[in-house]
Amino acid sequence: MRGPKFRIVAALLALALVGAACSGRDDDDTATDEDSGGEEAAGSSIDTADCVADPTAEIEGDEIKLVSSYPQSGATAAFSQIARGWKAYFQMVNEAGGVEIAGNNYTIVTEDKDDQYNPATTAQNIDELVGADGENAFATFSVVGTANNLAIRDQLGELCVPNLFAATGAPIMGSEDYPWTLGSSLSPYSLEGKAFADLLAEQNPEAKVAMLVQDDDFGTAYEEGFQAAIEGTDIEVVKVEKYATGAAEVSAQITSLAASGADAFFNGGTLLACPDALTKAAAAGWTPITWISATCTSKTLMGVAGQAGDGVYSYTNLKDPLNPDFDADPAMQEYREVVAQYQPEADLDNAIVGYGWTQAALLVQVLENAEAPTRLAVMESMHNFEASEEGVLLPGVTVHTGDGDNFLGEAYQTMQYEFEAAGARNHFVLIGTELTDVEGETLDLTPEDLING
Amino acid sequence: MDLFIEQVFNGIGNGVVYGSVALALVLIFRTTGVLNFAQGEMALFSTYISWKLTTEGMPVVGAIAVSMVIAFIAGAAIERTLIRPVESGRSPLNVVIVTLGLFLALNSLVQLFFGTDPQVMPSPFPSGSVDILSATVQKETIGLIVVLLLECLFLWFLLQRTRLGLKLRAVAANPESARLHGIRAGTMLMAGWALSAAIGALAGSLVAGERTGFDATLMQTILVYALAAAALGGFTSIWGAVICGLIVGIADALTIQYVDPLDGIEVVLPLGLIMVVLVVMPNGLFGRRTVERV
Amino acid sequence: MTTEQTGAAVGPAIGGAPVDTAAPLASGARPGLFPPVPRQVTVAKVIIGVVLSAAALYAPFYFEPTINRVLSQAIYIAIAAMGLNLLTGFTGQVSIGHGAFYGVGAFTSAILMIDYGWTFEVTILASVVINAVLGFLIGVPALRVRGLYLALVTLGLAVLFPRVAQKFVDGTGGVALLRPPRSDFSSLIDGLADDQWAYFLSLAIMVVLFILAWNLVRGRVGRAMIAVRDQEIAATTVGVNLAGTKVATFAISAAYAGVAGSLSVMIDRLADGTNPILYFQRSIEFLVAMTIGGAATMLGPAVGALVLVLLRRNTEDLIEGKEILAPALYGAALIAIVFVLPEGLVGGVNRLLARLGRRSSAKGRPPTRPIPDDSQ
């Protein structure tokens, strides 16, 4: 049994060594596909020379098709609520005659598939929905997840199909190397570090900070963003604990952090880890100034935290449906009415539905600003975009891209949670009227390798 | 030193959880010879039933009791309808496939019936903590330990000291022989599943109560640790499962505190532990040596 | 040399489906594992084989790239399932951890391509070597661990691997996702589109590995494996090298899973370290494919893989508005298959053909071969 097998293995090894000497394939740019993209369009910053599908082709007919892929089953099925928001908005727009692009009206048609948060499935779904030559859809919209968007951005980049409003705050969505992909109004994660640093500068300039972060790129964005923001100040990080992605309980980490003597706490936990950190900290008798991840500010997660969430800080750029101050707000009322009408299964108090709604509103603006009903024009519109008072954006918040800045959500308002009683309408209270606008600063605050890889 | 003790108690807090689920796994293995991958999800479904009942106003203890009864019946039904047809077949792998299918189905149905949002489960134990050895221990944890001990006693008594237990063990050891002795093997198997399902329901409900919040992923990580604990204990010993649950929990907490490079992958420790222990002691720490006839 | 029907002796003693009673090209009465087969059955199998092969060869030209991709996925799952079949179906060692070897294969290929500029096809060989070694290293301590415990230890591997990958793999933006550029996988044959090339390459590799496995099973090694599965202790008394058989089979099956992983990088175009349960899911998929196709049959894993992939696809958006039920439908389908066909699809087909063969043989025509006993 040894003899022949050994020889085979040896031969394979030899072949492998030979193969290693060979370098990669000869670079053969898409020679088999039609190469129809024109020269760099005049005045555009997007290079269209290598586009597989023609980005200057106009939409045929009177429908504009947007496709998406996001979790609809499995552990992260809760993210499917985002889509309820944008579907309702598009249905409203269609009722009113559709979206107007360069003089023509188009009905917005959407199609989506379930990817269970699996990037390989996302890639497959988008391949099918968009088509091998991009003929099945105009653009992709609100694809959920960092890895999921990474899995599709080069394919869409080659096809020159816009991937708009990617539902993730990962700084990599603002990468210059991939002009056809752009994020959403979700502030880049690294900005939370700056917001907390600013808060501490006011309240406790010599704070000792403990950090809890997830053991992946999401956590790294928090950790490095915060470290960058406190450079040159007297604030220092005394302990960082990481937890396994998706973990639902972090008692050991909190014990470790509480014992570090820190008087400020950056709770970068998400999903169930976040409220668990808060309750465990409270149970341990540790009461630092606490910042929580913006992904944790939803009604459901803060509801789980209950009393332990009282007094924590975070930020937002959207109006919170739970905040009574906005009950009479016309934009909020419109949101509630329309979503209840078109998507009756949506949970209106859940902030991510409002998020989805707002992205749809912003997209419609982008479309209407486009100079022509073509992908190139829409992408250029996306890259030179400015809007405020759309959807349920906070008053005074401007989302803006342009001049090399690819991050939309760089304005925020800090807020603090007020817990009155279980079952009451507990919500975040906006701190004063100070809106912080850090337009263009994400690039400064975030380490290069997190953006351009 | 304080910190060490604190973390040990953190570990015990989780270890009790792992031990509870491991108990159900070992029970079903001892009485039916099946490794039930769906154990976690069965417990999850029962937990959601308990939770739903508490939201309708039922007191926690009553809700859990009702849920356990439902689980008991459901467990027996599952054995009769889904497991029995494939159990006697030629391949044990078929039973594995059925339990896997059950795993997927139950998880999905839970999300359909009860929603995907995280929820809070009330606990039958008083809140607050006590100080033991200069460490703060939650009363909840102590409550769980007590319940677990009672479960172990009950099961030990049942299996070792009652006729029913004797029949259960006989059927598990040798169904043919048992039948020849007049024992209704089918009924015993159903009983084994029913009992495990009820224990699982109790474990799940208490675990969810101990946690800050829970959702459909509650049992997934726990199951891995519980399997590790059961394997470490030898899969045949009820006390072994519980003790090893504690060991696994404590090892986990201490790793998080003292071994920084393993942050995020501390699961490597309990898993590495099993691998090492099983290589040295192939029947687990508390298992019985099996004698095989040729 | 015994004259009794050995089909009964090798029956389902400690689990495992009956041995494949006839490969399509079985010829002559081979005593022992392959009892003689009526000519009609052989002819039927050859015809089926030819039709399926033709379909397999024509498929990529008929279907769209997205379907080709789905078929290619079925192929790499089939390869891993084939390897697992050698270990679990034939040798009786249950492993729920082969997703980890698949993962090692995937990352081996991805890292060698991205960081060291290797050509894809050569990375497959590297993956084979690395996984064989890994399989050997794990197989040795696994000797001490039996049955259920082995299953759980291997489960531990599948759970551990993505955590380790997440920690140590550094992709763009710090995300543990590796994506070699598409041009690295472009077709080496003019006239074949990239997806068709991917399909044919995978198919070719699968056929080669299938033949290798088949030869293994038909020979002394195969008999040793089955002996180990059915009666370990008795096997040692007749001179079967228990340790050698187990470890070697572990290594070989790991290598198969590694090849599957490498191919997945070409077909799915990524190696994913972000998902904690992915490699556990893959392990289960290999096991399921093997079982519903027919454990300890040669074609079972391939058939099972195809059914699995199609099932997964078709239950996804089956009920409009209730996408959350997709896993439940999938699980229910798996249970149904196992109920209806406890020997798997291929096992069931074998049985059907054998029964037809017997019936036609009994129609008064003198049998061309001795009729096998009813040992199925």
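The model is predicted: local features need pLDDT of at least 70, side-chain atom pairs count only at pLDDT 80 or more, and totals for chains, interfaces and linings use all residues. Residues are numbered from 1 along each chain as its sequence is written, with chains lettered from A and ligands numbered from 1 in the order in which they are written.

**Stop 1: the domains of chain A**

Select residues 63-187 and 327-409 of chain A for domain 1. Then select 190-316 and 412-451 for domain 2. These bounds come from an automatic or database domain assignment. The C-alpha centres of the two domains of chain A lie 27 Å apart. Domain 1 puts 17 residues into the contact, and domain 2 puts in 19. Two residues are in contact if their C-beta atoms, placed from the backbone, lie within 7 Å. On the domain 1 side, 8 residues are nonpolar, 7 polar and 2 charged. Here Ala, Val, Leu, Ile, Met, Phe, Trp, Tyr, Cys and Pro count as nonpolar, Asp, Glu, Lys and Arg as charged, and the others, Gly among them, as polar.

**Stop 2: strand S14 of chain A**

Select residues 411-418 of chain A, strand S14. Helices (H or I, at least four residues) and strands (E, at least two) are DSSP runs, numbered from the N terminus. Of the 8 residues in S14(A), 6 are buried, meaning that 20 or more other C-beta atoms lie within 10 Å of their own, all placed from the backbone.

Find Tyr313(A), opposite Gln416(A).

**Stop 3: chain B against chain A**

Show chains A and B. In this contact, 28 residues of chain B meet 27 of chain A. Helix H1 (2-32), helix H4 (92-114), strand S2 (135-138) and helix H10 (238-258) of chain B each supply at least two residues to the chain B side. H1(B) gives the most, 5 residues. By class, this side has 8 nonpolar, 15 polar and 5 charged residues.

Methods. Buried ≥ 20, exposed ≤ 12 C-beta atoms within 10 Å, placed from the backbone. Pairing = 2+ DSSP bridges.
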